[in-house]
Amino acid sequence: MTAVTADAYEAAFDAAVAADERIEPRDWMPEAYRATLVRQMAQHAHSEIIGMQPEANWITRAPSLRRKAILMAKVQDEAGHGLYLYSAAETLGTSRDELLDKLHTGRQKYSSIFNYPTLTWADVGAIGWLVDGAAITNQVPLCRCSYGPYARAMVRICKEESFHQRQGYELLLALSRGTPEQHAMAQDAVDRWWWPSLMMFGPPDDASAHSAQSMAWKIKRHSNDELRQRFVDICVPQAESLGLTLPDPDLRWNEERGHHDFGAIDWSEFQAVLKGNGPCNEQRINQRRRAHEEGAWVRDAAAAYAEKHQAAQHTESVEATA
């Protein structure tokens, strides 16, 4: 490709992004755009898969059959979200095996929120209300992402995440209106999950390595700090309705800004968890590796069946044309 041709392709790409047109897998795109998408979609997919763990260990301990069925459906949804996103990433020329290998060897990240333990049943509600609520705030704008396969995957994912958020809110509401012990358990869960949920949006804008360029390419539509502020403004009235208190003494309405002010986030904790020093980092990745290894026979069997089925179809095709 000549320099003139490359410039023409880049100009066409820039014009498509500026016009809010979708970039599709066969379209020309800058290598940095492709790499950014692979990194972001892989991290998103890994987060969905790892994110099954904190809640899955409560399936056998759910307090009723109804709660168990809801939680099972939710965990299954998360597995499906991971598969959608791995498939979307594969349209950029990478492979699922490569992405999983990078996850298992620590060369790619997943959301730091999933490195915290689920200590009580109320944590399931707090994850639904806060963690999935933060995910929705972050992900709804991705439905307008400039890359077509990612945007289309997010439409279905966001619909299902909305269900997850509602079930978490409803669970916390039931606990909050229950016995004093149940109310205390709900409050304790919110106290522990509030600040990690705010960290889910990533570092402050002035410390984010990728945010500005991702917004220029319209992969992202809003900055980390804008999304974090939106989430806080949404949660405050919901917490009041729940009868629970958000653990921030500096949280108050700012009439001049038209938003809630909130306290300083402990970014040293965020960085520590990101570097692998969180409460459950080692447990999460070890369980993921073990599940992958134990599932090898299923993948081998599926591949063998597909190969056998393809060979049979080929034979039928040859016989039909003979």
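Which residues in α8 are buried? In this predicted model, they are Ala186, Gln187, Ala189, Val190, Trp193, Trp194, Trp195, Pro196, Ser197, Leu198 and Met199.

## Helix α8

Helix α8 runs over residues 180-199 and has 20 residues. From its first C-alpha to its last it reaches 30 Å, close to the 28 Å expected at 1.5 Å a residue. The helix has a kink of about 35° at Trp193, shortly before the proline Pro196. Both Trp193 and Pro196 are among the buried residues of α8.

The buried residues of α8 pack against α6 (122-139) and α7 (148-176). They also pack against α10 (224-242) and α11 (267-277).

## Helix α6

Helix α6 has 18 residues. Its reach from first C-alpha to last is 24 Å, close to the 26 Å expected at 1.5 Å a residue. A kink of about 25° is centred on Gly128.

## Packing of α6 and α10

Two packed helices are described by the distance between their axes and the angle between them. For α6 and α10, the axes come within 10 Å and cross at roughly 140°. The crossing of α6 past α10 is right-handed.

On the α6 side, the contact is made by Trp129, Leu130, Gly133, Ala134, Thr137 and Asn138. On the α10 side, the residues are Leu227, Arg230, Phe231, Ile234, Cys235, Gln238, Ala239 and Leu242. Sorted by class, the contact of α6 with α10 has 9 nonpolar, 4 polar and 1 charged residues.

Note on methods: Residues numbered from 1 in each chain as written. Predicted model: local features only at pLDDT ≥ 70, side-chain atom pairs only at ≥ 80, totals over all residues. Heavy atoms only, no water. Helix = DSSP H or I, 4+ residues; strand = E, 2+ residues; numbered from the N terminus. Expected span 1.5 Å × (residues − 1). Bend = angle between axes of the 7 residues up to and from the residue. Buried < 20%, exposed > 50% of the residue type's maximum accessible area, 1.4 Å probe, protein only. Contact = heavy atoms within 4.5 Å. Axes fitted to C-alpha atoms, helices over the stretch in contact; angles between N-to-C directions. Left-handed = near helix turned anticlockwise from the far one by under 90°. Nonpolar A, V, L, I, M, F, W, Y, C, P; charged D, E, K, R; others polar.
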